[in-house]
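Let us read a structure together, one feature at a time. Keep the sequence and the 3D view open.

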Amino acid sequence: TRYYELIPYVSVKCDADYADILRKAASGSVSDSVFEKSFRSIIPEIAGVELSNRISLPKEAAAIKAKRPAASAIWNLDAIGAYDARYYGSGKGASIAIIDTGVDYSHTLLSARFGGETGYDFGKNDDDPMDQNGHGTHVAGIAASEGYGVAPGCDLYAVRILDENGSG
């Protein structure tokens, strides 16, 4: 729930039952298989579980900060905890379909997310889902743009179902 710039800690709040399981996992008394795969790697890093059920994870502050763009650029994503999630993974191996007005797959911050296929345009029934409105590109940027996206390591596919007016 907290990211500390000057102290190398991350604070997470959880309920008492989960805190107890974390205490046991940190001491080796519980198998880490009860945790999501992306969470398992931090179990050995748990420095302590306080009575308030806050978990301290010591990390180099610079490494954490490097994964977070400037606050002015991410206020909306920061509000939903998106960059806290990026601390545990980049989206590599995930595929995301943006079902919208298409996506500008040539955009400099997005083009690396598209592989051999860009997607499909259901309005024109072809394989060129170029965005004529901008909304789908905006959504794709939130999902995967270089430097600002929630999952910058994912693969993107554009599925255009809305026209240039955003209607479909």
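This is a predicted model: local features need pLDDT of at least 70, side-chain atom pairs count only at pLDDT 80 or more; totals for chains, interfaces and linings use all residues.

Q: How do I read strand pairing, and how many bridges join E5 to E7?

A: Look for the bridges and the direction of the strands. E5 and strand E7 (residues 155-160) run parallel, joined by 6 bridges.

Q: Which strand pairs with E7 over 3 bridges?

A: Strand E6 (residues 119-121) does, in the parallel sense. Here Gly-119 stands opposite Ala-158 in E7.

Q: Where do side chains point in a regular strand?

A: They alternate between the two faces of the sheet.

Q: Where is Asp-100 placed?

A: Asp-100 belongs to strand E5 (residues 95-100).

Q: Is Asp-100 buried or exposed, and which side chain of opposite charge is nearest?

A: Asp-100 is buried but has no salt bridge. Arg-160 is the nearest side chain of opposite charge, and it is 8.4 Å away. A salt bridge would need a separation within 4 Å.

Q: Which side chain makes a polar contact with Asp-100?

A: His-135 does, with 2.9 Å between the two side chains. Beyond its neighbours within four places in sequence, Asp-100 also contacts other residues, including Gly-136, Val-139 and Ile-161.

Q: What about Asp-163: where is it found?

A: Asp-163 sits in the segment after E7. Asp-163 has a relative accessible area of 27%, so it is partly exposed. Its side chain reaches the backbone nitrogen of Asn-165 at 2.8 Å.

Q: Which residues does Asp-163 contact, leaving aside its neighbours within four places in sequence?

A: Thr-101 and Asn-133. Asn-133 lies 30 residues apart from Asp-163 along the chain, yet their C-alpha atoms are separated by 7.5 Å.

Q: How many aromatic pairs does a search of the whole structure find?

A: For ring pairs, read the centre distance and the angle between planes. The search finds 2 aromatic pairs. Tyr-105 and Phe-114 are edge-to-face, 6.2 Å centre to centre, with 70° between the planes. Tyr-120 and Phe-122 are also edge-to-face, at 4.8 Å and 65°.

Q: Why does Phe-114 count as buried?

A: Because its relative accessibility is 10%, and buried means under 20%.

How values were computed:
Residues are numbered from 1 along each chain as its sequence is written. Side-chain values use heavy atoms; hydrogens and water are left out. Rings of Phe, Tyr and Trp (its six-membered ring) pair if their centres lie within 6.5 Å; planes under 30 degrees apart count as stacked, over 60 as edge-to-face and the rest as tilted. Buried means under 20% relative accessible area, exposed over 50%, partly exposed in between (1.4 Å probe, protein chains only). Helices (H or I, at least four residues) and strands (E, at least two) are DSSP runs, numbered from the N terminus. Lys and Arg count as positive and Asp and Glu as negative; His and the chain ends are not counted. A polar contact is a pair of N or O atoms within 3.5 Å; within protein, one must be able to donate a hydrogen and the other to accept it, and residues adjacent in sequence count only if both atoms are side-chain atoms. Contact means heavy atoms within 4.5 Å. Two strands pair if DSSP finds at least two bridges between them.
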